[in-house]
Each structure stands twice: as structure tokens, then as C-alpha cells.
Amino acid sequence: MKAELQVLSPLVPIREVIFLRFCKQLAEGAWAVVDVSIDGLLSNQNSAATSAGSNLKCRRLPSGCVILRLERLHESNWSEFSGSIRS
């Protein structure tokens, strides 16, 4: 997958990341969704460059959520991790 990460600040540029998403049913009514960055593993090293064209790259660290189905609603907990690398 390819996505753009935005922070609600004019000081942080929009960053593009490429990642794989894995979904697995843990139990009846419980699912896990995990995203893992593949930036830097592909032959095109410029794919994670910022749209401004600087040398700042973003790598999405393992992130994901757990979704639980309750009686009348769904509960989800999302954890997002990312890091920047200045080359």
C-alpha cells in the first residue's frame, strides 16, 4: 500500500510511505491489523522522499490495531509508530 502521512502542523511536510498490511482473526469477534513499512527494501529508494524533495525520509514502524466485537458495538485500539531519517 502507499499512503501520505500528515501532521497538523505547517512545519512538518507531508510524507509518503509504502507498507504491507496483514489482517488476522485472533478469535471469534477479535481481529488484528498490522502495518509494516517496506520503504528502503525496494529498489526505488526515492519513494519515501518528502514531497518537498528534501533528503528527509519517513519510515513507518510496525503499527496496527485490534478490533473487538462487543454485543452492540465494536471497540478498536490503534497504535501508530513512525520515524524520520535525515540522510
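**Salt bridges, pair by pair**

Author: Happy to! Let's start with Arg21, which is partly exposed because its relative accessible area is 39%. Bear in mind that this is a predicted model. Arg21 forms a salt bridge with Asp35, and their closest N and O atoms are 2.7 Å apart. This pair links distant parts of the chain, with Arg21 in strand S2 and Asp35 in strand S3 (residues 30-37), 14 residues apart. Asp35 counts as buried, since its relative accessibility is 0% and the cut-off for buried is under 20%.

By the rule used here, the count comes to three salt bridges, so let's look at the others too. Glu16 and Lys2 meet through their side chains at 3.9 Å, N to O. Glu16 belongs to strand S2 and Lys2 to strand S1, so the pair ties together parts that are 14 residues apart in sequence. Glu16 is partly exposed at 22% relative accessibility, while Lys2 is exposed at 59%.

Next comes Arg69, which forms a salt bridge with Glu28; here the closest N and O atoms are 3.2 Å apart. Arg69 lies in strand S5 (residues 63-69) and Glu28 in the loop between S2 and S3, so this pair ties together parts that are 41 residues apart in sequence. Arg69 is partly exposed, with a relative accessible area of 46%, and Glu28 is exposed, with 67%.

Conventions. Residues are numbered from 1 along each chain as its sequence is written. This is a predicted model: local features need pLDDT of at least 70, side-chain atom pairs count only at pLDDT 80 or more; totals for chains, interfaces and linings use all residues. Side-chain values use heavy atoms; hydrogens and water are left out. A salt bridge is a side-chain nitrogen of Lys or Arg within 4 Å of a carboxyl oxygen of Asp or Glu. Helices (H or I, at least four residues) and strands (E, at least two) are DSSP runs, numbered from the N terminus. Buried means under 20% relative accessible area, exposed over 50%, partly exposed in between (1.4 Å probe, protein chains only).
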